[in-house]
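Colleague: New model on my screen. Walk me through it, please.

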Amino acid sequence: MTETTGTRRIKIFDTTLRDGEQAPGASLDVEQKIKLAHRLARLGVDTIEPGFPISSPGDFRAVQRISREVEGVEICGFARAVQEDIDAAVRATEDAQRRRLHMFLSSSNIHLDFQLKKSRAEVVELARRMVSYAKRFVDEVEFSPMDATRTGDEFLFEVLEAVIEEGATILNIPDTVGFALPEEYGAMFTRVMRGVRGSDRVEFSAHCHNDLGMAVANSLAAIKAGVTHVEVTVNGIGERAGNCSLEELAMALATRGESFGAATGIRPEEIYATSQMVSRMMGSPIAYNKPIVGRNAFQHEAGIHQDGLLKNRNTYEIMDPERLGIPRSMIVLGKHSGRHALRHRVAEFGVELDAQQLEELYAAFKEKADRQKTVHDHELLQMAGQAVDRALEPYTLSEVQIVTGSGTHRVASCKIRDNDAGTEAMYTGGGEGPVEAAVAAIRSAVPEPVEFADLELYSVSSGETSAGEATVTVRLGDALHRGTATNRDILMAAAEAYMAACNRAVREARSAAPESRPAAGAEAGVR
Ligand code: KIV
Ligand code: ZN
């Protein structure tokens, strides 16, 4: 919770499951929507718009089940200004603890002339009739004049006054095509709040699209102008360039709240896990440099930055990634990294190097860093292990064989050394896919119940050299741990990344409770 006394509470209206789902290829089934809705409730959103009930039986069921099963948040049914849409939205949300109906109708000339083929008078009359109809069933009725930012004040005011008279309680003024600039969007709300009759009886909401990259800035401008509801999506997913990003807006308010006098109820520690879940379920990867949740958002490669950061995190970071639930190491080791960063990183693994060992490691590191963009932790620990003459990781993966092909079953065998026990053995595993098989084989070497959580694969090819980079996230207890590896063979990259993530999880668990190491093979059995 980011709220402080004396600040306005901004309500977060999450439309990931409705507007966000309109992103190409992002569609979800009913069960996925329910899982995500529970996650959004845990994140602390105030309202969830889970879909468009009239649009398909699946969306109707999703809105209905979320209304029944997800507690503690308001559920919103989405509808055109059409009686059947309203009926469907009313029925789908009738079991919600709290509900809202969100009705939209275009207001710009271009939409009226080419899409609706209605006159302005007809639009006002329809808006009145449908808001009045919806009010028979639902108290909280939100009205959105679609394409409002290209409508012009005169007609916009007329429509808004009409729907207020009929009982609309929330006026959402969308920048449907992402055309507005922040000062324009904020000023429009100021004029509406001053000039529209009855505006003191309703609440205002912002809904911005990101076509010019201004959805978050526009939403913040609307908050400055007095809006109390903001419509957002996780990862900014949505039509075309997407919507206002929930995490960027929430963290802008959490970090710069004093400039806005406003705060949200979003729990920052839930942001990362929610973002990952949305990205995975909607099949929509997150850009590396995406603020807050992109994989580079808290990583530092430049030597000067690394040096500053090691002295005081605030030199180059304005937010604490750990507060956002981000499992990470803040320093990316590459050819720009210096001795200070190297010494610090290996010290994080409990290894103190003397001057000669550091020089030896530094020389090996620079050679590797010249060959590959990033030197990953497990590679660094391997080199540091050579410098100090002992293995630093709990397990070393030394051989991987995977039998893959067109059948339905894949088999992997891995030679793994248990460095604490001083033993080495072959482990086998099977699965429908080759990564699954390799994961099963490696898991059987590790006695702790490390669960596989996620795999991201990227191409890091350059020129004629093709390579894959894999990042695997695992869960042990409540903690997430990550491992990354690069290899010319993408399956090897995945296997090494999984081993690296398991090593990290096991190392932390065993150093927190040294007596806790289960007997080898106890969990899955050595095969
Ligand atoms: O972008 C938009 O205008 C919308 C609404 C219909 C609110 O998604
Ligand atoms: Zn929209």
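Modeller: Two strands count as paired if DSSP finds at least two bridges between them. Strands (E, at least two residues) and helices (H or I, at least four) are DSSP runs, numbered from the N terminus. This is a predicted model, with local features needing pLDDT of at least 70, side-chain atom pairs pLDDT 80 or more, and totals for chains, interfaces and linings using all residues. Residues are numbered from 1 along each chain as written, chains are lettered from A and ligands numbered from 1 in written order, and side-chain values use heavy atoms, without hydrogens and water.

Colleague: Which residue stands opposite Cys208 in β8?

Modeller: Asp175. β7 and β8 (residues 203–208) run parallel, joined by six bridges.

Colleague: What do the eight strands close into?

Modeller: A barrel, with parallel pairing. The order is β2-β3-β4-β5-β6-β7-β8-β9.

Colleague: Which strands does helix α8 lie across?

Modeller: Helix α8 (215–225) lies across β7, β8 and β9 (229–232). It runs at about 165 degrees to β8. Such angles go from 0 to 180 degrees between N-to-C directions, using axes fitted to C-alpha atoms, for helices over the stretch in contact (heavy atoms within 4.5 Å).

Colleague: Now the ligand. Which residues surround ligand 1?

Modeller: Among them are Arg18, Phe78, His102, Ser144, Asn172 and His209. The shell cut-off is a heavy atom within 4 Å. By class, the shell has four nonpolar, six polar and two charged residues. Strands β5 (98–106), β6 (141–146) and β7 (170–175) each supply at least two of its residues.

Colleague: Which polar side-chain atom lies 2.6 Å from an oxygen atom of ligand 1?

Modeller: One on Thr176. Asp19 has a polar side-chain atom 3.0 Å from a ligand 1 oxygen, and His207 has one at 3.1 Å.

Colleague: How much of ligand 1 does the protein bury?

Modeller: 96% of the 260 Å² that ligand 1 exposes when taken alone.

Colleague: Other topic. In what order do the three strands of the open sheet come?

Modeller: β14-β15-β16, paired antiparallel. β14 (451–459) and β16 (479–487) are at the edges with a single partner strand each, so one side of each has no neighbour in the sheet. Twist averages 15 degrees from one strand to the next.

Colleague: How many bridges join β15 to β16?

Modeller: Nine, with β15 covering residues 468–476. Val474 has His481 in β16 as its bridge partner. Helix α16 (490–512) packs on this sheet and touches β14, β15 and β16. Its direction makes about 145 degrees with that of β16.

Key:
Polar contact = N/O pair within 3.5 Å; in protein donor to acceptor, adjacent residues only side chain to side chain. Areas by Shrake-Rupley, 256 points an atom, 1.4 Å probe, with all protein chains shown as cover. Nonpolar A, V, L, I, M, F, W, Y, C, P; charged D, E, K, R; others polar.
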